[in-house]
Each structure stands twice: as C-alpha cells, then as structure tokens.
Amino acid sequence: MRAIERSDVEDFLFHEADLLDQWRLPEWLELFTDDATYEVPCTDLPPDASADNNLFYIADDRFRLGERVKRLMKRTAHAEFPHSKTSRIVGNVRIRGRNEHTVDVSAVFQTFRTKDGTTDLYFGTSNYRLKVDDNRIRIGEKRCLLGGEGLRPHGRISIVL
Amino acid sequence: MQTDNRQPAILVDPAQQIFKVARRNFTDPEIFKAEKELVFERSWLYLGHASELPKPGDFVSRTVAGRSILFTRDSKGTLRALLNTCPHRGAQVCRERKGNAKSFQCFYHGWVFGADGKLRSQPGEEAYAEGFKNRESSNMQAVPRFETYRDFCFISFDRNIVLLVDYLAGAKEYLDLICDQTDAGLSIIAGTQEYSIRANWKLLTENSIDGYHATTTHASYFDYLMNTTDGLATGMGGGGYGYDLDNGHAVLEYGAPWGRPVAQWIPAWGDSGKQEITRLYDNLVQRFGKERADRIACKNRNLFIFPNLVVNDIMALTVRTYFPMAADYMVISAWALGPNDETSWARKYRLNNFLEFLGPGGFATPDDAEALEHCQRGFNNAKEAQWNDISKGMGKERPAYNDELQMRAFWTRWNAMMFPAPVSSIKNVAA
C-alpha cells in the first residue's frame, strides 16, 4: 500500500466538490465515515473551539448530517427549492499531518451560490481529518472556518459548504 | 419628521374582524427613514447581556440602531454604555470587537480613556487650558439612557423615555419566567450568529411570533423531529395562547414536542438525560411549587420586546436582535443563553438543540429567511395588491398561539408611534 499523496487528496476533494455542485448529496454522504462530524463554527470563535460549549452555525454528527441530506433533497426544504446553482473552487490543498490511518488536510474554498437572481460567495478554510483504509479515503471530520465577519449579506448556510 | 399619512398604514375594524397592514410599510424608503426617528430613537433597545462582561475592564463594541457603542465594565465593576467616538475629533476609540482593557487609546491623536469613558491623558497636555481634563466635554459621552433588567441591558437615545421596567410592561413576567430557570444566573454562551435577511425588519418581528407558519414552512423540520422524538406526542397537549403584553410587546406560550434542557425530556436523550432533567425539574418544584415549575419547564415562550428583541425559550434559550439597513435588508445577531450551573451534559444538548432548529445553518431558520425574502419580493406588487391580512383569531376571546394577535399588538404600537393621532387644537378643546 503506497502512502497517500497530496494529489490523491486533491482528487478526492475535487470529487467531493463536484458531487456537491451536482446536488448528488446521497453519494456525497457516502464519503463520510459512520462516526463523522461536519462543523461550521461562528466567525468570532477560535478555530479549534468545541461545539459542546460554544455556539456554532452547524455541528452535525453523522446522524444529523444524514438528516440534513434527506431534508435538502425534499421540496419542503424551501430555502433550497428549487435547488440553487453552486460552483466550488477548492485550492491551496496541504497535508498538515498524518498517522497510520489518518491524514489531516487543510484547503481553502470559494463557493458561489446563485438563486433567484442573487449570487453570494462563501469562502474560508476547510480542515479535514481523512481516514484511509485499503487506499479508500473517507471523511472523519470536516470543519469549515468561514472567512469574513459573520454571514452577511448571504445570511444562511442552506447549502453544504 | 412628519410621515405621509394620506393613506392609512393599517386598517382596523374589530366589528368586522378586519386587521390589514399596508405592504407599503415594508417597502417605502420614506417609512424606513421615519422609523429611524420615530421608532428606534424612541424605544429601549437591547445592547447586550451583563454576563458578556464578567470582569472589570471587559468590553464589547457593538452597533445599535446605527450607533457605534462601547459596552464596558469599568474598574469599579459598573456597566457603562459609551458612544464609541473620541470627544477630540470623532474617531472610533475602540476598534476591537471584544476583550479586556485597563484603558482605551484613540489611535488618531493618542487620547487615553478609562473604561468609564473619562479622559486620563492626552499627548501635549500642557498646550490645553488648565482644568481641561476635568471638563465633562473631554470625556467619552455616555449613551443618553442605559438601564438593565435581570442582566438584560438596554439603551435608549430618548432622554425622556419611561423607565425600562415600566416600558417592559407585561414582558417582565415572561423575562422572569425565563430567568427563574436557575438561581445561579444565565450567561451568554460564546459564539455569535451574525447574519442577515434580504427583507424588511418587520417581517422578522412578525415571523418571530408567528405560530401559524410552522407546519408548512417547517414541514421538513417536523419530519426530522418524528425521527428523534416519540412521534410528536411529548408536550403536545394543551396547545397554547398568544398574548398582547402592552407597549407593542407580545408572546406566545405553548406546549411542543421537542426536548427542553429546562426541563422536558425526550427519548433521544436516554436514561442519563432523564435523570438530569428530573433533577432540574424537581429543583424547580422545590423553588416555585408544581404549577409554576410546570410552566417554566414544559411551556415554550416566543417573547417579543418592541421593537426588535426576541427572547425564545424553546428547545434552547436564544436572544436575537435585528436592525434595518435599508427597507429591504436587515442584519441580525443571535446568541444562546444557558444557566451558569448547567452540567456539561445539558450544555451540550442545549447547543445541539439550538442548531437543530435555529440559526443560519439550522433546519428551520433558512426556510424562514426564504419566506421573508419571498414576501419582500411579493411586495413589489404593493401598488396594486396593497394589504396584508393579520386578522386570524380576531373574534376569539382568547386567541391561540397560532392566531395573529401578537402581530396585531406590534402593529398597533408601531402605528401609534409612526402616525400619532393629531392633537386637538386649543380651540376645539375650549369648545
């Protein structure tokens, strides 16, 4: 088994972004481990804050992430009906550390979202803990640190970052 | 400023159960301008919570109704609300969002102020008149009025406004119910949700006290709740009511299926959760007796304090305030409150609960924002389709939580401030 290289991680993250842009959320969900977390802290918190005692925008365990995906695929998820169009750029991918079965990665993201004639930009840094098994990469932790101050003017994270 | 009152802003006829609100109120730039002066300049406005400044020297800087405010706890422990502008040449003195400081130095010319706003020193002191430093005009200016109620801190730009405690009127009882959850005090939990909605601010007022929209706007959230609660049975009984609390304040109080960290258990919290919730509930019974304990523990409250503060005591405890930036754009800040003596288990579930429903990444708030933005778009037709209807429940002696009494309370007050009844001339009075 060869070691995971940055290019492998990039391929994986570009694939993730593509699934999200195509709204193939159930497939995207399969990229996560069964004990995965997906978090977006408020912008006035330190980057390593815990969701157990700080208010975040999003702090999903794997169960709630699954419910988020279910919700977003329904007509009654009004904020995303009809689905917005998104375009994600993932860059500056770096391997920050590694263990036997995990790779810690950071990447910057810029996500454009268009709906009803308005285009908004979400940007920041995503920190991943990737789990590697038999050369298959899966996401154990994904934490999106929003750049900018607060969520203005877009006002919501109705898509997945 | 005199607002255009050729056309009524609201149409009310109790006999026919008519209550209509002109859609122009949400779109007209003249109304937007007039509101600044007639509503926001003449109300008590939420500034922050005392728990945000636990130690002397703690500060936060904040924008309230367009003003730059420096909220401090001075060296003696007194809370201060200062206008964040240098008395010398006007620069914002504090440019950090929060922190702890012994003093504040304006970086423009180097004047230094205490956390009480008093001028301590300025470069080239010898070139100023004797006693310059002791002049009141050399200090940072305090906000005209600053008062607190049970750690909720408010400011007003109207020197002559009534006392906060009188202004709160019937809302006081509900703030008490919320604060009585614990005898250890409540604190703001770290992390501020700062977001916006491309809609008129009054749409969020309405939405925050609207028990009618939940089943359709939040259908997908209730689907989710079905998976985490015992089939929506818990606490559902009894429904609830809406109340006009005077001075434009309103509340809805009702039972609901979600878990409440104080103190309604749901199966998803397991047996250890049940023990903790029982302990909290028993403690409330001991302090207040069963009746009030039940009300504190099992009833939900969406409390609105005129004109722009919402305190939700629902699946979590939230504080939300919002300000218009334009007729069709508002900015919102929201915080979570929690009891100071809360266990780490309960704190975790409180926050977990909060994020499920609330906030820009929750399962409900984005759909509210979508609804409000689509109202705003619908109001583009206001020249032809002129009126909103908020008459639901008008004929009832006791309107339900999903009627629209709460909104009528807000609009009645708003209308009275915006379009005060013409004063009779002396001639008429004499006659």
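In which strand of chain B does Gln105(B) lie? The model examined here is a predicted one, in which local features need pLDDT of at least 70 and side-chain atom pairs count only at pLDDT 80 or more, whereas totals for chains, interfaces and linings use all residues. Residues are numbered from 1 along each chain as its sequence is written, and chains are lettered from A and ligands numbered from 1 in the order in which they are written.

Gln105(B) belongs to strand β8 (residues 103-105) of chain B, where helices (H or I, at least four residues) and strands (E, at least two) are DSSP runs numbered from the N terminus. Gln105(B) counts as partly exposed because it has 17 C-beta neighbours inside 10 Å, the class between buried (20 or more other C-beta atoms within 10 Å, with C-beta atoms placed from the backbone) and exposed (12 or fewer). Residues up to four places away in sequence being set aside, Gln105(B) touches Gly110(B) and Val112(B), contact requiring C-beta atoms, placed from the backbone, to lie within 7 Å. Between Gln105(B) and Cys86(B), which are 19 residues apart in sequence, the C-alpha to C-alpha distance is 9.3 Å.

Beyond its neighbours within four places in sequence, Ile69(B) is in contact with residues including Leu47(B), Val64(B), Leu83(B), Val143(B) and Ile155(B).

Helix α4 (residues 201-208) and helix α10 (residues 365-378) of chain B pack at an angle of about 135°, with their axes 10 Å apart; axes are lines fitted to C-alpha atoms over the stretch in contact, and angles run from 0 to 180 degrees between N-to-C directions. α4(B) and α10(B) are therefore oblique to each other, a class left over from roughly parallel (under 35 degrees), roughly antiparallel (over 145) and roughly perpendicular (65 to 115). Leu203(B), Leu204(B) and Asn207(B) of α4(B) meet Asp368(B), Leu372(B), Cys375(B) and Gln376(B) of α10(B).

The contact between the chains takes 30 residues from chain A and 33 residues from chain B. On the side of chain A that touches chain B, β1 (32-41), β2 (56-61) and α3 (62-72) each supply at least two residues, and the largest share, 4 residues, comes from β2(A).

How values were computed:
Contact = placed C-beta atoms within 7 Å.
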